[in-house]
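The following report describes selected local features of one protein model. The sequence and coordinates are shown first.

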Amino acid sequence: MTDHATSAPVLEWLDAATELLERLASTQADAIEQASQWCAETIAAGGLVHLFGTGHSRIPVEEMFPRYGSYPGFNPMVELSMTFHTQVVGSNGQRQAMFIERTSGLAEAILSNFTFGPHDMLIVFSASGLSAVPVEMARGARQRGIRVVGVTSVAQSQADPPDPSVGSRLMEESDLVIDLCTPHADALVSIEGVDTPVGPGSTITAIAIVNSIKVRTARLLAERDALPPVITRASVVGADRSRELFDAAYREHARRIAGSLAGEG
């Protein structure tokens, strides 16, 4: 958390976020490079990089694919029951979503819908790294022989003990950990007289991580002549080419995902 003065008060969070991104770049480059190498190996081999997150950790999952400037090979996995946040109270409210993501055993039910290929991998996003579902998703994937990257806040994860029903943290169930570098409160700015900090930071570093992986992986795949179609706007390549790229990318995603959806029965 930062409590420094800024020349423009309205930019206080932006100043703190800039420091956070600089910390990410100086400490996590090696881990991001390793994750990118694994992603390139997976996609070049015809596999899928599955991505999973609950709560606001669905945001980096959606950022990876499908978006302008993205390409197939990444499979976004989210559950609406744990990621539908605009209906805060009442039916589908936040209390229920938070309860569900802490439910031990649910991850196994989610994983049972998929048959993972020999080259597949999984990236799990969880700022706290403590909720049952993301932790058990990582554990279940590794039990299936799938390599797991955990994207989490080490400080936040270590600030509290693991849930006894889960027994571990996401960082302990991952083959590779990328630290979001956020403080244990997540929020970055302290205000005098207020005992709760304001302005979370985990989303901005999570988005920075996935786009860094996306770009680096694309370069590695291009070097192998194995980069799938990259979707883009008509203003970049023309309307016809843009439609061709979208159709080709969706076909390629469908081809890759088809074998994964058979499930274990």
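Ile-178 touches Gln-28, Ala-31, Ile-32, Ala-35, Val-149, Gly-150, Val-151, Thr-152, Ile-209 and Ile-213, residues up to four places away in sequence being left out; contact here means heavy atoms within 4.5 Å. The structure is a predicted model, in which local features need pLDDT of at least 70 and side-chain atom pairs count only at pLDDT 80 or more, while totals for chains, interfaces and linings use all residues. Residues are numbered from 1 along each chain as its sequence is written, and side-chain values use heavy atoms, with hydrogens and water left out.

**Nonpolar cores**

A nonpolar core is a set of buried Ala, Val, Leu, Ile, Met, Phe, Trp, Tyr and Cys residues joined through side-chain atoms within 4.5 Å. Buried denotes under 20% relative accessible area, exposed over 50%, and partly exposed the range in between (1.4 Å probe, protein chains only). The largest such core has 37 residues, of which Phe-74, Ile-123, Val-149, Val-151, Ile-178, Ile-209 and Ile-213 touch the most other members. Among the elements that give two or more residues to this core are helix 1 (12-44), strand 1 (49-53), strand 5 (176-179) and helix 7 (202-223). Helices (H or I, at least four residues) and strands (E, at least two) are DSSP runs, numbered from the N terminus. Helix 1 makes the greatest contribution to this core, with 11 residues. Another core, of 20 residues, lies apart from it and includes Ile-110, Phe-116, Leu-122 and Ala-132. In soluble globular proteins, nonpolar side chains tend to be buried together.

Strand 1 is largely enclosed by the rest of the structure, because five of its five residues are buried. Both of its faces are covered: Val-49, Leu-51 and Gly-53 lie on one side, and His-50 and Phe-52 on the other. Two strands pair if DSSP finds at least two bridges between them. The pairings of strand 1 are listed below.

| Pair | Sense | Bridges |
|---|---|---|
| Strand 1 and strand 2 | parallel | four bridges |
| Strand 1 and strand 3 | parallel | five bridges |

His-50 stands opposite Asn-75 in strand 2, and Gly-53 stands opposite Phe-125 in strand 3. Strand 1, helix 2 and strand 2 form a right-handed β-α-β unit; right-handed means that, with the strands pointing away from the viewer, the path from the first strand over the helix to the second runs clockwise.

**Cysteines**

With a disulfide taken as a pair of cysteine sulfur atoms within 2.5 Å, the count comes to zero. The sulfur of Cys-39 is 18 Å from the closest cysteine sulfur, that of Cys-181, and therefore too far for a bond. Cys-39 is buried, with a relative accessible area of 0%, and Cys-181 is also buried, at 10%.

His-85 is located in the loop between strand 2 (74-77) and helix 3 (94-101). Its C-alpha atom is separated by 22 Å from that of Asn-75, 10 residues apart along the chain. Beyond residues up to four places away in sequence, His-85 touches Gly-55, His-56 and Gln-94. The side chains of His-85 and Gln-94 are joined by a polar contact of 2.4 Å, that is, a pair of N or O atoms within 3.5 Å; within protein, one must be able to donate a hydrogen and the other to accept it, and residues adjacent in sequence count only if both atoms are side-chain atoms.

Ser-242 belongs to helix 9 (residues 239-258) and counts as buried at 8% relative accessibility. Its side chain reaches the backbone oxygen of Thr-232 at 2.7 Å. Leaving aside neighbours within four places in sequence, Ser-242 is in contact with Thr-232, Arg-233, Ala-234 and Val-237.
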